[in-house]
Amino acid sequence: MADPMKIRAQMKGDNAEIRVLMSHPMETGQRKDNAGNTIAAHYIQSIAIDVGGKRVIQGQTGTSISRNPVFGFRVKGAKAGDKVVIHWEDNKGEKRTDETTISAG
Amino acid sequence: MDAIRRTLLKGAGAAGAITAAMAAGVLKPSGALAAEYNRAAFEAKDLANAFRNIGAGSAADNSGIVIKAPDIAENGAVVPVDISSSIPNTISLAVLVDKNPLPLSSAFDFANGALPEMALRLKMGQTSMVEVVAKTSDGKFYKAKKEVKVTVGGCGG
């Protein structure tokens with residue numbers, strides 16, 4: 001089971017700023033280990049973010065995203081106290097869902 | 001729930017789909033992520049194929065797309081990039097690294113107040129153009145690019 005995401009969500013003016021760090025190796029499938037064997041690809045493929053019960057972000061990612069991915073977004077109309085729920089799923093079917101609450105600016 | 005991603009990633013019939021889906025209440029959040037990964041686009045080995053597979057084969061240059069990235073990245077494994085689009089009704093942004101083995105890094109849809117912008121960290125194997133594609137709600141695609149010089153690549157072993 002992958003480590004929990006680190007999520008920060010805070011109001012800045014009219015917008016909620018959301019930053020998330022996901023613990024994930026993001027192996028490209030192009031690297032080889034010391035014995036010369038190819039290391040299997042292992043990377044996050046799908047990400048979704050819900051704020052206040054509405055889906056605001058939905059995306060897909062490939063192998064050109066850095067290890068332990070960090071993403072930042074801004075959402076207009078969200079308010080302090082709204083729940084932020086973030087999901088990811090990788091190419092091996094592993095998944096995580098973590099949540100936080102938007103704090104006042 | 002799949003509607004948002006499908007309109008975005010497939011490129012076709014995007015125009016009213018999201019609006020219609022919202023009206024119909026289809027865009028309800030769900031714990032489950034939609035299943036249909038755009039494998040053709042993410043596994044495309046060259047830029048032209050990646051563009052075509054996200055539906056952006058004929059994207060026009062547009063200065064409303066802003067790419068903030070370092071001119072020189074010392075570590076290609078982690079290249080911080082901020083992107084945004086001031087093109088009206090932008091609903092989706094994709095980021096591609098021309099010279100990576102698999103150029104398409106990500107494609108994200110924005111809805112329900114999410115601003116068409118994002119911060120992310122790219123892996124870059126070598127000096128390359130970073131290209132951003134924006135899609136608008138009428139199904140049109142726009143693009144912009146910025147070169148990032150890489151001193152140590154991030155894709156090797």
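This is a predicted model: local features need pLDDT of at least 70, side-chain atom pairs count only at pLDDT 80 or more; totals for chains, interfaces and linings use all residues.

I began with Ser106(B), which lies in strand β6 of chain B, residues 104-110. Strands here are DSSP runs of E with at least two residues, numbered from the N terminus. Residues are numbered from 1 along each chain as its sequence is written, chains are lettered from A and ligands numbered from 1 in the order in which they are written, and side-chain values use heavy atoms, leaving out hydrogens and water.

**Entry 1: the serine.** Is Ser106(B) buried or exposed? I noted it as buried, at 0% relative accessibility (buried is under 20% relative accessible area, exposed over 50%, partly exposed in between, with a 1.4 Å probe and protein chains only). Its side chain makes a polar contact of 3.2 Å with the side chain of Ser105(B) (a pair of N or O atoms within 3.5 Å, one able to donate a hydrogen and the other to accept it; for residues adjacent in sequence both must be side-chain atoms). Leaving aside neighbours within four places in sequence, I listed the contacts of Ser106(B), including Gln60(A), Thr61(A) and Ile65(A) from chain A and Phe42(B) and Leu120(B) from chain B (contact means heavy atoms within 4.5 Å).

**Entry 2: the rings.** I found five aromatic pairs over all chains (ring centres of Phe, Tyr or Trp, the last by its six-membered ring, within 6.5 Å; planes under 30 degrees apart are stacked, over 60 edge-to-face, the rest tilted). Phe73(A) and Phe108(B) make a tilted pair, with 5.6 Å centre to centre and 50 degrees between the planes. Phe73(A) is in strand β5 of chain A and Phe108(B) in strand β6 of chain B, so this pair joins two chains. I then turned to Tyr37(B) and Phe42(B), whose pair is stacked because the centres are 4.9 Å apart and the planes at 10 degrees. Tyr37(B) is buried at 10%, and Phe42(B) is buried at 3%. One aromatic cluster is formed by Phe71(A), Phe73(A), Phe108(B) and Phe110(B).

Technical notes. Helices (H or I, at least four residues) and strands (E, at least two) are DSSP runs, numbered from the N terminus.
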